[in-house]
Structure formats: C-alpha cells, structure tokens
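Student: I would like to learn how to read a few local features from a model. Could we go through them one at a time?

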Amino acid sequence: MTGVATRRFRRFWPYLAAAGPGLIAANAGNDAGGVATYASAGAEFGYRPLFFMVVITVGYVCVQEMVARLAAHTGKGLAALIREQFTLRLTAFAVLAFAVANVGLVVTEFAGIGAAFELFGVSRYLSVPLAAVAIWMLVMLGSYRYAERVFLVLSLVFITYPIAMFFGHPDWAQVASNLVIPHFLHSKAFILVGVGLIGTTITPYIQLYTAGAVVDRGIGPDEYQYERIDAVSGAILSDLVSIFIIIATAAVLGGTGALTSAAQAAKALEPLAGRFAEALFGIGLLGASALAAAVVPLSTSYAMAEAVGVERSVSKSFRQAPLFLGLFTAQIVVGAGLVLLPGNLFSLIINAQVLEGVVTPITLVFILILANRRSLLGSAANGRLARTVGLATVILVGSFATFLVVSTVLGWIGVSL
Amino acid sequence: MPRFSLHRPYLPTRRRDDTPEAGSGPGAPGGTGGTGAPGGPGAPGGSTGSGRAIVRRRLANREQRLLATRAVRDTIVSLAGLVGRPVRNQGGAEIGRLDDVVCRWSDGQTYPPVTGLVVRIGRREAFVDASAIDRIEHSQVLLRSSRLDLRDFEPREGEVTLAHQVLDHQLVDVDGVQVIRAADLYLAPVLGGIRLVGVDVSAQSLLRRLGPARWRLRPTPERVIDWGSIQPFDETGPGHEPEMRFRTTNARLERLRPGELADLLEDLMRPERQKLLDSLTPDEAADALEEMDPEELASLLREAEPGQAAVLLAAMEPDEAVDALRDLGADDRSDVLGAMDRVKATELVRLLGYPEDQAGGFMTTAFVTASVFETVGGLTQRLRLEEDVPDELDAIALVDGEGQLVWDLPLLRLLVSAPDTRLDELVEAEEPVTVGSGAEVAEVADRLIEARRLSVLVVEDGRPVGRILADDVLDALTPARGRLHFPRLLQ
C-alpha cells in the first residue's frame, strides 16, 4: 500500500478503501440515508423490521459477492462490463438507472447536511447552497482529501449506536424473536419502509463502488478467495450496524410512528449521551453526508464516463473532460437544488431511499445476468446456489418495488390495494 | 477534442477548424461532380483575392466536402446498422439475419479483411465465407449464389467477431495516443475485398444507435479514426501465443514514446492492458512503466504474474524498480523478488535497505566506474561491448586501485581525449562533488547546483555506490504533484 500522499485523486475508490475496509463497511450503512431509514423503521414498527433486515442481508451478501467476483475475474468496472456485454440500449438503460439512484443519493446527502445544520439552528437555505459551493470548490481545488478526513472522523460518531443500543435496554426477547421468526406486515406503510430499507442497503452506488475498488486494488482471480471473505464480512458488518440502529431506535421510540425530523432520530442516542444527543447526532449526520456528497457524484461521473468510453478524460482538464465535470457539477446542482424545495427534509431523505429501492432491482438484474454468464466468467460464473439466491433476491426486491409502484399508480386513479 | 483524421485516399480529409459556420447555403459555383471519394479537398490556399472570394472558395470547398462526405456515406457501411439486417441469396430470398461480421487481423494488414459472416438462421449460427458475399449494403447483405455451404460458426485463429468483440470495447488509437471505445465500425469495399476501414468514436453515433433502427443505417462519419492508426486487441483466450501478435502489431506501437505508452497503460482495463504489455518487449515495457503513476504501476504489477512482474522490474532502472517495489505490499514484494534473477534481486534488496527520502533511496546503481589505470581507448572499447549502457549517463566515476573515488569524469572529456591517454591524466586537482548515501534531498540539490552537473555521485566510505540524476532530485522535490492532481482540471 502506498502512503496517502502519493495517491492520485483520479482513482478515489482505493482512497476510501485505505481508510480501512471495516470503517468503509460501517460507513456504508451509516450514511445519512441509512441512518434516517433504519431509525425511522425502528421508530415506526419497533422490532418488527428485524427479520426483513436479515433477509435483506442474505441478498446483500450475495450481490456484493457477485460484484466482487465479476470485478476480480474481468478486471473491469461495472459500467464498462455492461457496455461490453449488453446492447447499447440496455447499457443506456442501466446507466440511467444508476444515474437516477445516485442522484437520489446526492439529494439524500445534501438533505442530510441541511438536516444536520437545522439541528444547530441554521436554515437550510443558507447551509445547503454554501455546502454545495464549498464541496464543489474543495474537489476542484484539490484540497478535498483533507476535508474528507475531517468528515470521516465526524461520521465516526455513528459508531456510538451499538453502545446506545445497550444503554437503551431493549427488550432482548422481542429482539431475538423478531430476528428469527419470519413475519411480514401486510400494509402499504410496511412495504414503503421495506423498499426504503432495500434501497438504502443494496444501494446501486455500493455496487459501482465495490467493483471499482476491487479493480483498482489490482485484485485478480488468484486473490479472489481473500476478496470474497472481505466482501462477505463487509456486507455482514454493515448490516449488523444497521440492525443496531433499528434496535436502538426501537428501544427508545418504538411504535411512535415514522420519524419526521433529525431531532426525533437523535433521541435514540439519549440513553447514552443525554442532552448532548442532538449535537452528537448532528455532527455524525454532517460528517457522513458531507463525506458522501462529494464522493458519490464523483464516482457516478467516473462510471458514466467509463460507460460512454471517455475514461481518459477523467484526468484531463475541464475543456477536455466536459462530460465528466459537467456530470459532476450537474449532480451537485440538482442534488442541492432539490433540497431547497420546501418540504420536510427528513421525509425527503427517506423518500430518496425508497426511490433507490425502486431502481435497485434493475441494476440487480444486470449484475445477476453478468454473474451467470459463462462466456464472461468461465468456471467462476454463478453456481447453482448463487444463481438461486441471486434470483430469489431479485424476485423479492423486484416484487416489493413493483408492488409499491403499482399501488402508488393505482392510488392516483383512486384504486387502493 | 474531436479528431477527423481520415487521411486515407478513399476518405476526404475533414477538420472542424476549417468548416465554415452553419447557415451557408449551397449557392456556391461549381457543383463539382463528387462522384468518387478520392481527393479530399485541401484547405483553402493563401489569402489571394477579396474576402468575398475567400468566402466563395470556402463555400465551394464545403460543398465539395459535403458531396464527398455523402459519397463516403454511401460507400462505407456502418456495422452497428448492419447487424440484425437480412442476408439474402442471389434470388433475393432472405436466408437469415446477420449476427456478426468476422475479420482477420493477425497477418499485419492495415485494413483487416472480412473473412466471413455469422448468420442467424432460425436458432442456428451459421458461418458464411467471404467468398460467398456479393455485396454488403447499408441494410442488407447480398450473397453470390442461391446455394450455400453453411457450417456452424467456429472462430478460427486470429479472427475476431466485430460486433461482439470489438464494437463497444476498448481500442488504442496510436496516432492520437488515446484509449477509445468503439461507438461504431465502418466497413468498405477497398483493396479487392471488404475491409474494416475505420472506427467511430462520436457521441452522435452512440445516439444514432440508441434511436430507431433506421437511424442506424446512415453512417455518420464525423469523428472517425482511420483503422491504420488503431492498435486492436486480440480477443482470443489466454492460451493464445502472445509472440504471434507482437510480431504483427508492434510496428504501430513503436511510434509511441514511453510516456505515451504509460498513459495508455493507465487508461486501459486489465485484460487489454495485459495484452498491450504482452506485445511489448520487456525493455520497451520497462521504459513505459517508469513513466507511470506510482499507484497505477503498483496495481499493474500486483495483477501481473510474479514472473512477468519480475522480468519487467529487472528491466527498469534500479531506482525506479525500487520505488515500485516499495509501493507493493510486503507479500507481493517477496513474490516478485523470489521470481527474479538472483543477482538483480540482491541488488534491489540492498537498495530497498536505504530510506526512501535519503540519497541511497533515490539513486540509481546503473552507472559506470573505471580504473584510473585504464586508457581512454580501452574504456570506450569496454563501453562499446557493454550490453546496456544507460542513455542518461553524463559522467564516469574514476577509482584508484583500492576502489576509492578520485574523479567524476564528464563524458565529453572522454570523447575529446586521444585514445591512448591514461585516465589518471584527466583527473583534476579539485575534489569531485559527491554526497553520502544518507544525504537528504535538499543537500543533494545543493551539491548538484554547486557542481553544475546533471548528476552527482553517491559515495560510502569513499567508494562510489550510485549516482543521482537531476531529474530524480526534481521528482523527489515535487512529491505533491500527485496529490494536487485535480487542479489540472481547471487549467
């Protein structure tokens, strides 16, 4: 591993990876969208979503393993693979899906920044535009990596969730039974939360990220056995943190209904931090959001440039890389702009996760088809187990998303399911 | 940065720079019968005549260009548009749909000939040999006979399927020194056969392919790169003999400077990068690797076989090789060193022992020492026989009988002295300028300035152990270059 000093900005995947796989994994579940969605799920349904999280974890592990295997065996990022393996129209569709999901994520991050500042009494109409300009400038002027380390440290605040969980004295019997006994609630609200949980856990962005990181670390088929352990344990660790957040919130707020503000979500940390809970939550939210607000648009632009075939432009000047920088700028403008529309910030975050959950099945189908392809992976293509679990995941995720979309559309014309 | 380098006889030269702005109607005189593509119009001549004349000439030129472009459009066939189209026999009956076009590019021809078609007949994929093709049109393929000998498609040695293995994949544009992704491929009947003549990299072509099927029929030769400047990648599996490829394709790569090769290596994805590396000799590859970004280089070495990585590192300058080894993890480093020639590995391990930021850490051990008892003629003779004299060498370390450094002899002095001069006659009274192996960068820089030389010797106990070149000092003094990478975006 080279020191941080010699790393180039051009490849930002390994840059984050250098912070330690465990941290990254924990952070993946701990971005603004994740914390908000898990907390809201715990507050609305108590311990009930726990079994669903276990199911999602199985799917998430399976997806992460497939993505890492694809990257290790082909040496290519996901976007490039899709361009080479599917027709151009399907590629455009996949890229669009990734773009929609990632723009949703950018919106989430800016909403997270806004919500964090609102906890400290700063209006979002001040904080969000300033943050957008600051992040754009930091990235363009090349000093983002210093700021990023600060954000990373700030976001570590969320590591306090497991501790807060114990301080909150949850009903362990309930936790245990809800973790292992299968149950789903048949209600539109639960489906909505379910899609949100899917969207924030099996995020399309993480799939791009994982593939890019594996390729950039130069991991080949020979080292894949170690990488598999990494991918699987990372996915499990990340979901463990998510489950802790649900339990911690359920213990304090369980059954009080969906959350509508960051101040409510912060209550879950009260058993640990007392009156500092809001400040603690705000700091963590700010760090996690600001961290991702630059990295997500950057990696989206990178993946899109890869799909279009202008990889080279990533290291070139503005005039030479209009696509890359245009996309980066556009995402920040759109992301921050949407946050400025009037409306509840916390609900916006959760709705963005629902949007991701609707897009996730699309990207999963591409990944599953690629990982099944013997012409691409040879003997490393999906075996029967991976095929089955992968297909089951796609069906589960797809049916949740379809049900939500269909019932929403039917709702517009007055039919309720 | 658009490229219009269609500088081959059958395609017109076209540059955006001298294309007049839109809005100019075709009212220019001389509708010149733009029948054939040949003779791309040159740029308008000198500034003879009035402005109006220039405008008229430019309009005429534009007209000619448009006609030529139209002629080209009629001649060349877009592969993306052709795939999925009917294949008809002599009687005009459809026998199947075109699935792919097979090309052979292993025999070193500039424009790879089409050797056959893959035709989907029902659920079968049949191969139709090129000899059976009568004509390839924009929207159909016409075959010569009504009776066909169809066999199942089996890719042969040196053949690629264009739609599946080349279109949308990475290629290297050697003239433009860039990695591209083929948005479309163009076929044309030239040189007695149908050949692959160009690759399209325009966003317009991507949009054309996204739109309705009939858009795809019309080629849009806006940003076409002549196939003559493309370095393709063989798509056959890893079992293929790499030597075969490198004999035939290396000529194009030889036009590239090491720094340009390094850029290409950085931009390619792993399989293509591996193929490009395979087609270079270890020395060519090593020169390019020395120019690569340290992080990219580490990634490249990690993903290569230890044996290959060892050969590459051994061919690099020792100081660069040591830097690269430092960037590898401990495991990878010992794998690579274990696979390396024993003598070379020992030398690199010794160099690795020096701290990175001290003179020993960035000196090169590829330098020449001579005894003061040799003659000028003897030394030049010896250097002549030496296999691998470093090009950037600017002086020779002269040592006495005990191996102690006495003088750092500039090469030019050697060149202008009579062959029978003994080297000790060339030693000057002053002390040679040297640094210790523990010297910091700043001290090395000071000594370089003092010596007014391009390099300075590193000594331990009075013996020369290495040489530091001015460019190594520059590298060491600008460690922030990589970190401050993004600002380049705004320049």
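Predicted model: local features only at pLDDT ≥ 70, side-chain atom pairs only at ≥ 80, totals over all residues.

Student: Next, helix packing. What describes two packed helices?

Tutor: The description consists of the angle between their axes and the distance between the axes. Take α6 (residues 258–267) and α8 (residues 282–290), both of chain B: they pack at an angle of about 75°, and their axes are 7 Å apart. Angles of 65 to 115 degrees count as roughly perpendicular, so α6(B) is roughly perpendicular to α8(B). On the α6(B) side the contact is made by B:Pro258, B:Leu261, B:Ala262 and B:Leu265, and on the α8(B) side by B:Asp287, B:Ala288 and B:Leu289.

Student: Now strands. How many bridges join β4 and β5 of chain B?

Tutor: Six bridges join β4(B), residues 114–121, to β5(B), residues 124–129, and the two strands run antiparallel. One bridge pair is B:Arg120 with B:Glu125 of β5(B). The strands form a hairpin with two residues between them, and B:Gly122 in the turn has a positive phi of about 65°.

Student: Which strand pairs with β5(B) over two bridges?

Tutor: That is β8 of chain B, residues 151–152, which pairs with β5(B) in the antiparallel sense. Here B:Phe127 has B:Arg151 of β8(B) as its bridge partner.

Student: Last, a single residue. Is A:Lys76 buried or exposed?

Tutor: A:Lys76 has 7% relative accessibility and therefore counts as buried. Its place is the loop between α4 (49–74) and α5 (78–85) of chain A.

Student: What does the side chain of A:Lys76 make a polar contact with?

Tutor: The partner is the side chain of B:Glu272, at 3.1 Å. Leaving aside neighbours within four places in sequence, A:Lys76 is in contact with A:Ala71, A:Leu81, A:Glu84 and A:Val215 in chain A, and with B:Met269, B:Pro271 and B:Glu272 in chain B.

Note on methods:
Residues numbered from 1 in each chain as written. Chains lettered and ligands numbered in written order. Heavy atoms only, no water. Helix = DSSP H or I, 4+ residues; strand = E, 2+ residues; numbered from the N terminus. Buried < 20%, exposed > 50% of the residue type's maximum accessible area, 1.4 Å probe, protein only. Polar contact = N/O pair within 3.5 Å; in protein donor to acceptor, adjacent residues only side chain to side chain. Contact = heavy atoms within 4.5 Å. Pairing = 2+ DSSP bridges. Axes fitted to C-alpha atoms, helices over the stretch in contact; angles between N-to-C directions. Parallel < 35°, antiparallel > 145°, perpendicular 65-115°, else oblique.
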